[in-house]
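Look over the sequence and the structure first, then read the points below.

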Amino acid sequence: MLGKHLLSAADLTRDQALLILDTTSELAAVTDRSVKKLPTLRGRTVVNLFFEDSTRTRLSFELAAKRLSADVITFSAKGSSVSKGESLKDTALTLEAMGADAVIIRHGASGAPERLATAGWIDGAVLNAGDGTHEHPTQALLDAYTLRRHTRDGQGDLSGVRVVIVGDVLHSRVARSNVLLLQTLGADVTLVAPPTLLPVGVENWPCKVSYHLDDVLPDADAVMMLRVQAERMAGAYFPSTLEYSRMYGLDARRMALMSPDAIVMHPGPMNRGLEISADVADADRAVVVEQVANGVNVRMACLYLLLGGASSEGDGSQ
Amino acid sequence: MTSMIIRGVQPYGEAAQDVEISDGVIARISPAGSPTGSPASAAASQKVFDVELDAAGCVLLPGLVDLHTHLREPGREDSETIATGSRAAAKGGFTCVHAMANTAPVADTAGVVEQVWRRGVDADLVDVRPVGAVTVGLQGAQLAELGAMASSAAQVRVFSDDGLCVHDPLLMRRALEYVKAFDGVVAQHAQDPRLTEGAQMNEGELSGRLGLAGWPAVAEEAIIARDVLLAEHVDSRLHVCHVSTAGSVEVVRWAKARGIRVTAEATPHHLLLTEELVASFDPIYKVNPPLRREEDVMALREAVIDGTIDIIATDHAPHPREDKDCEWAAAAMGMIGLETALPIAAQVFIESGRMDWRQLCERMSVTPARIGRVADQGAVIEVGAPANLVVWDPAQTTVVTPAMFESKSANSPYLDRTFAGAVRHVVFRGRPTVVDGQVVSGEVAS
Amino acid sequence: MPAREVLDASDMRRAIRRMAHEIIEKSRGVDDLVLLGIPTRGVWLAQRIAHDITEIEGHAVPSGALDVTLYRDDLRLRQVRALEPTNIPTGGIDGRTVVLVDDVLYSGRTIRSALDALNDIGRPAAVRLAVMVDRGHRELPIRPDFVGKNLPTATDEAVRVRFVESDGDDAVLIESDAEHAR
């Protein structure tokens, strides 16, 4: 079904991605019930290992694991031994000793989840909850799920769905995972950013690229705005937040260029007034809150598919 | 002094000879199996040697000279010492290494370079030639006492802030000018610091995909271009460390065509490995300058073959395990290379038929000795030449395992690889330092 | 693999018709009845029974699907399974009589899982069980209320219920191949 770990959106085949989305659909029904709890992962231990602050992603994974009855422990960098200089390896060995069946890792260094999965420090499954400027596969999955609900009635893949991703692509793990996953699912992706915020070699990515937001808005089925950090000014990526917002921000004038059915997405947290104006953020077509809700269900699906069967170490012989 | 004979060995891979050594020099070279000793002596065939080395089917080369070695002492004796680094060098077929200056304290005074030099003499396995820092504390602000280091017992001729670039153009110009007084050379680590802030790997499509900050080729090429023009302007010698890009090769080629006195080195890892390895996020492949594209590797190989790149230098950079047993961004840059340099060079250049052994000796022994102004190293194999020699056995294999290293560190990107051929014997100043692949120290009877 | 046909299409049709009658009789009316099939073949059977009840009573009976995968007690013994659709008819199950429907009753563990799943969805007035084949070898204190065919089997035999919807024809087979025992 899936591999042992979920590290990159690139690891998912079309069938695997659809399996996750279909499983999410079934699990979404649980969220609508009065008893929002399943016994599926009873006795499994899931560790949230967060080296970066991200309350919303941490809570989303925590809730997903709890709804599946897993035991969840959270290991945050702040106030823990990690902030006292303990290495990733020693932290991993500690978690292994505690019997973690899965480690959900958020880390500021690109590739840290891959390292955790392959260095031989732990046996459990590793879920990438965002690594550096590399990937954030569950965000891409929840975005794909949201897109499928709005453009495909919640069925099948995303063939021909036109998605515009706008902003700091260079530093965005959300953009990387989305480009990979959405292309796997058949969507038509266009990246929009100033040239300084596009990675070298982006012309060979499986998507289109534009420097001009107004040009691509009318044809979009969905516009995904990326968070832009004002600190990027220090790296001379753009002259001022005002200029950025004028050229690449989504405001009411630009929203009017969009087709009436097109939706506005944002991985959050939003910088209102920078990449997205308040009236757009609060518009009916902005599905930011729904994305959060879908995030819990997608993460339940991932946890079920990674932990819901016999592990490769052979629980099956019990 | 030890008297020695190496039987049946093929100098430069040519006709088999018996090579006799006494008093630290090559005493006689005669066709294999012919009577030994002085032709005038009637008892010649009965001559007894202190050491007899069998080397049938093996290739005899002048001892290798490395212009770029990190021995880590003083300061990081947990990763390497001058003694362990000397053993690693000997095992790799080297008889001379240049110890880089980025130690703690930095080798920026006569006191430190003399200490390094003396520790090398004590280890007595290779000539350890200290490299002096160009600027005080490698800070790039003020010239170190280059003259004092040059006239010290260590006789420093190579100066480098390696690890850091001498970025200030005025300082670079002054350093190039100043070393002319003692025939020195500035070895530049060409890396524009602003263009490589936080850089983790070669900048290109792969770095974009992996989300690792890029180290663009232009950051190397722009510095080399500036430096060759400075070297031309002040008519001094410039050496470019670890050239890693096809563009850098073009710049060096252009400079040489203009008659600029520039020499350049490439490392074995830049001649063999590509950035694709970084996709594993295994920091064993993290090195500075970073592994580049296949096109760069191919351009570097051609440049070594046509002499645009003068020498192969290891950039042997030992690190303790904890500095690689971590996530990519936290890992130290560098890989060890002394003990795998010759197997890699043999694979890339000899096995492929692109070079013969005489040409490879130019790149790994003769020219590095000349750039470093090292007497008694890199000499042609002939009677009367200093007996610094390496015997290469093409019939054996070098299997890279953590246990094989004499280096105190094992951060090699070649673990589990097997290379054809192996260093069999090494002779340093007329005395065996490696016999049958094992480092021997002190007096040894075979 | 030797297979022996136990029921053919018309046997199955008659057995289903009989079960429909028994359910109506036992339930004393069909107003509060909800049939929930356990995927995959329980869903086809539930639809057949609902169809027959509707014909007999002239009154549509809701039928749905209840996937019990997430409640199984043997999840860790096998590779992870894809979820099947759960479809609870509008109106839910609170206060109603739910008839769970499955193709083969064997250890009883699937039905145990289904009872747990029902518990999280609502509070039925009563829960009954209808199966096409009861092959014995129960491992839990569970008994069917409505049975198409009681079929004594050996543990190394497999019982296959085939439906036109998924298998191309209607039939009940016994396969005597230990590797396919279920």
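This is a predicted model: local features need pLDDT of at least 70, side-chain atom pairs count only at pLDDT 80 or more; totals for chains, interfaces and linings use all residues.

Residues are numbered from 1 along each chain as its sequence is written, chains are lettered from A and ligands numbered from 1 in the order in which they are written, and side-chain values use heavy atoms, with hydrogens and water left out.

**Which chains touch**

- Contact means heavy atoms within 4.5 Å.
- Of the 2 pairs of chains in contact, A and C share the most contacts.
- Chains B and C do not touch. Their nearest C-alpha atoms lie 27 Å apart.

**The interface of chains A and C**

- On this interface, 22 residues of chain A are in contact with 17 residues of chain C.
- The size of an interface is often given as the accessible area lost when the parts come together.
- Here the two chains bury about 1700 Å² between them. Buried area is the accessible area (1.4 Å probe) that two parts lose on being put together, summed over both.
- Carbon and sulfur atoms account for 57% of that buried area.
- Which residues of chain A lose the most area to chain C? They are A:Met1, A:Glu26 and A:Tyr304, together 28% of what that side buries.
- The rule finds 5 residue pairs in polar contact across this interface, both residues at pLDDT 80 or more. A polar contact is a pair of N or O atoms within 3.5 Å; within protein, one must be able to donate a hydrogen and the other to accept it, and residues adjacent in sequence count only if both atoms are side-chain atoms.
- Two elements of chain A give two or more residues to the side that touches chain C: helix 1 (14-31) and helix 11 (288-307). Helices (H or I, at least four residues) and strands (E, at least two) are DSSP runs, numbered from the N terminus.
- Helix 1 of chain A gives the largest share of that side, 4 residues.
- The side of chain A that touches chain C divides into 9 nonpolar, 7 polar and 6 charged residues. Ala, Val, Leu, Ile, Met, Phe, Trp, Tyr, Cys and Pro count as nonpolar, Asp, Glu, Lys and Arg as charged, and the others, Gly among them, as polar.

**Salt bridges**

- Side chains of opposite charge can pair when their charged atoms come close.
- The structure holds 63 salt bridges over all chains. A salt bridge is a side-chain nitrogen of Lys or Arg within 4 Å of a carboxyl oxygen of Asp or Glu.
- Across the interface of chains A and C the rule finds 1 salt bridge. A:Arg33 and C:Asp120 meet in a salt bridge at 3.7 Å, N to O.
- Within chain A, A:Asp157 and A:Arg14 form a salt bridge (3.1 Å, N to O). A:Asp157 lies in the loop between helix 5 (137-151) and strand 5 (162-166), and A:Arg14 in helix 1, so the pair ties together parts that are 143 residues apart in sequence.
- Is A:Asp157 buried or exposed? A:Asp157 is buried, at 14% relative accessible area, while A:Arg14 is partly exposed, at 38%. Buried means under 20% relative accessible area, exposed over 50%, partly exposed in between (1.4 Å probe, protein chains only).
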